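I opened the notebook to record what I looked up in this structure, going from one element to the next.

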Amino acid sequence: MYYAVTIAILVTMGLALIRAIRGPSVYDRVLAVNMIGTKTVLLLSIIAFLYGRPDFLDLALAYA
């Protein structure tokens, strides 16, 4: 189940990247880049849980 969540996060990050590149306005691009940053923190947290590496949580918090 965690792998499905990881794939879903990667898909939404890809869609946000498309929106950041092709966004109709600057506001849409800024929101898409912000969403990519938020999803990156979430992805690092899931990877930390899957691999049993709590030091990745420190990286996620530092990135946030």
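I took helices as DSSP runs of H or I with at least four residues, numbered from the N terminus. The model is predicted, so I kept local features to pLDDT of at least 70 and side-chain atom pairs to 80 or more, while totals for chains, interfaces and linings use all residues. Residues are numbered from 1 along each chain as its sequence is written, and side-chain values use heavy atoms, with hydrogens and water left out.

I began with helix α2, which covers residues 26–51. Its 26 residues reach 38 Å from first C-alpha to last, close to the 38 Å expected at 1.5 Å a residue, where the expected span is 1.5 Å times one less than the number of residues. After α2 I found G52, with a positive phi near 65°.

Next I asked which residues of α2 are buried, meaning under 20% relative accessible area with a 1.4 Å probe and protein chains only, where exposed is over 50% and partly exposed lies in between. I noted A32, I36, G37, V41, L43, I46 and A48. Their cover includes α1 and α3 (55–63).

I then looked up the largest nonpolar core, and its 6 residues are I9, M13, A16, I36, L43 and I46; such a core joins buried Ala, Val, Leu, Ile, Met, Phe, Trp, Tyr and Cys residues through side-chain atoms within 4.5 Å. The elements giving two or more residues to this core are α1 and α2. Leaving aside residues up to four places away in sequence, L43 touches T6, I9, L10 and M13, with contact taken as heavy atoms within 4.5 Å.

Last, I checked I7, placed in helix α1 (residues 2–22), and it counts as exposed because its relative accessibility is 55%.
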